[in-house]
Amino acid sequence: MEENSGERGRLPRLHLDELLEELQVSIDAVRTTRDRVYSLFEAVLSVGSELDLPQALRRIVEAATVLVDAEYGALGVVADDGTLAQFVPVGMTQEQIEAVGPLPTGHGLLGELIRHPEPLRLAEIARHPSSSGFPPRHPPMRTFLGVPVKVRNEVFGNLYLTEKRNGRDFDDEDEALLATLAVAAGVAIDNARLYEQARSRQHWLEANAEITESLLSGMEEPAVLELIVTHARRILRADMGALAIPEGDSGTLRVRLASGAKADRHSGLVLPRRGTFVGAAADAGKPITSSDIAHDPRITAGPPRWQGLGPAVATPMVTEDGVRGVLLLARTDPLAVFTEVETAPLLAYAGQAALAMEVAQRRRDAEQIALLEDRDRIARDLHDLAVQRLFATGISVQSALRFVDHPEARERLLRAVDDLDETTRIIRSTIFGLRRHSEEATHRSLRVRLVGVIEDVVAALGFTPAVRMDGLIDTDVPPAVAEALEAVLGEALSNVARHACATSADVSLTVAGGEARLVVLDDGIGYSEESPRYSGLRNLEERSEKLGGRFVVRKGEAGGTRLEWCAPVT
């Protein structure tokens with residue numbers, strides 16, 4: 001009886017211990033649930049407090065990995081074509097990311113979640129039919145949990161979590177917590193996008209206003225181009241920026257400006273439109289992007305220049321007259337791809353900058369035309385008034401000589417006549433210089449080109465030669481002879497500057513009798529047959545022989561050197 005009563009006493013105690021253990025388990029479960037709810041609450045607050053979109057995306061992934069105790073996490077942003085436009089990984093070092101190679105584009109298991117935006121939980125990634133394996137040097141991953149992230153009921157992207165710590169599998173509770181976080185993430189992403197769009201719009205408007213003001217205030221074009229690139233780099237956080245300008249009708253683009261990382265590889269390059277990133281943007285007429293510019297298949301021309309750069313965007317600067325340039329931006333971070341939200345304002349920005357450049361160019365053209373018209377008026381006044389009056393004065397003085405008997409007075413009058421002739425030649429030379437720019441606006445005539453040759457050597461001579469041109473120079477001289485005349489005049493005046501020690505020179509070009517005759521006379525040390533025959537003189541002689549003309553260099557009648565070069569023009 002006593003033994004039976006002892007057994008009955010122990011049984012209640014055993015049931016009580018079991019109940020206490022079950023109660024402790026329930027309490028622990030409640031505590032765990034409470035802790036995870038707190039963690040979820042903290043994660044929601046964390047992702048909701050960030051307004052910078054790139055930082056918001058990274059914070060969402062970081063919060064998700066902590067919430068479900070995962071070793072690796074990522075957020076993939078889905079593009080319109082069903083691929084991944086952006087991939088934000090967490091848990092891998094930069095060295096690991098670079099070792100793995102290009103970022104995922106939405107194939108395999110990641111594509112399964114894109115095609116079917118529903119929560120997906122796996123104990124073994126390799127066993128899923130859509131799994132295509134991992135690239136070489138990729139960290140091993142076994143367990144998987146993925147949920148879609150929706151913004152205003154549209155799929156923005158997907159959260160991917162792998163490798164739950166301590167070798168465990170993801171459970172229902174992990175899935176529920178992650179789905180809840182995804183809802184909060186969608187709201188946070190929407191807020192960040194709206195904030196970024198508003199801030200971006202303000203930055204672009206301010207940049208356009210500064211560029212327009214700078215152009216219209218007379219800032220030089222190179223400085224404005226630098227301003228365009230600088231603003232775009234700053235607003236889009238690009239590490240390198242470049243601006244390419246079309247080279248006339250040659251079909252090529254010259255990189256007029258490059259700044260930032262690796263800029264020295266791009267500055268000054270002349271690139272074809274076909275086979276280049278900037279050319280593809282110019283042909284497309286809209287912004288184009290690349291997630292990895294160093295391996296973009298559209299780039300087949302030009303020297304190697306993209307190493308160290310990753311995502312890139314190129315935008316044409318379009319006006320009604322066509323493409324005025326292409327703005328290129330690139331980043332060194334391979335993960336920082338240019339999103340559609342970022343690049344959407346670029347076309348308007350580039351077009352506004354191009355329009356401002358066009359307006360400024362037209363204003364400069366109008367100012368230049370007014371200046372040239374003013375120069376032409378001055379030239380006409382000099383020719384019609386000053387030259388004619390000097391000529392008339394010279395004739396009057398010469399006619400008065402016959403009334404002067406005193407030798408010294410006659411000599412002074414003759415010198416005065418010579419001075420009037422010299423002044424007339426100087427004024428005529430000035431007239432040619434004034435008309436040069438006016439004629440360049442329509443076509444560069446031979447007269448203008450020869451005056452340009454003379455002006456180019458004035459600094460070396462130390463004086464301005466007197467110039468006289470007679471005959472139908474711009475109509476009768478064929479191109480080959482005109483080209484030779486430019487070279488001959490340049491070489492002749494260079495010889496005067498280098499060897500003659502002259503203080504004055506006369507240049508005379510006459511086109512008459514089917515012949516163009518150029519004479520250059522200086523008052524220097526003179527030429528003799530014993531003087532060395534410089535290679536330049538031999539070149540002048542060869543030019544005349546090829547054209548069937550003649551070349552003579554000898555001592556001038558009053559000293560100095562007289563160079564005569566002739567060629568037929570018929």
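**Briefing: selected strands, a helix and cysteines**

Cys566 is buried, with a relative accessible area of 0%; buried denotes under 20% relative accessible area, exposed over 50%, and partly exposed in between (1.4 Å probe, protein chains only). The model is predicted, so local features need pLDDT of at least 70 and side-chain atom pairs count only at pLDDT 80 or more, while totals for chains, interfaces and linings use all residues. Residues are numbered from 1 along each chain as its sequence is written, and side-chain values use heavy atoms, leaving out hydrogens and water.

**Cysteines**
- Cys501 counts as exposed because its relative accessibility is 64%.
- The count of disulfides is zero, a disulfide being a pair of cysteine sulfur atoms within 2.5 Å.

**Strand S16 and its partners**
- Seven of the eight residues of strand S16 (residues 561-568) are buried; strands (E, at least two residues) and helices (H or I, at least four) are DSSP runs numbered from the N terminus.
- Strand S14 (residues 515-522) pairs with S16 in the antiparallel sense over eight bridges, where pairing requires that DSSP finds at least two bridges between two strands.
- Ala516 stands opposite Ala567 in S16.
- Strand S15 (residues 550-555) runs antiparallel to S16, joined by six bridges, and Arg554 stands opposite Arg562 in S16.
- The hairpin of S15 and S16 has five residues between the strands, and Gly559 there takes a positive phi near 100°.

**Thr162 in strand S5**
- Thr162 lies in strand S5 (residues 154-164) and counts as buried at 7% relative accessibility.
- Beyond its neighbours within four places in sequence, Thr162 is in contact with residues including Ala70, Tyr72 and Phe170, contact meaning heavy atoms within 4.5 Å.

**Helix H2**
- Among the buried residues of H2 are Leu53, Ile60 and Leu67.
- Asp69, which follows H2, has a positive phi near 60°.
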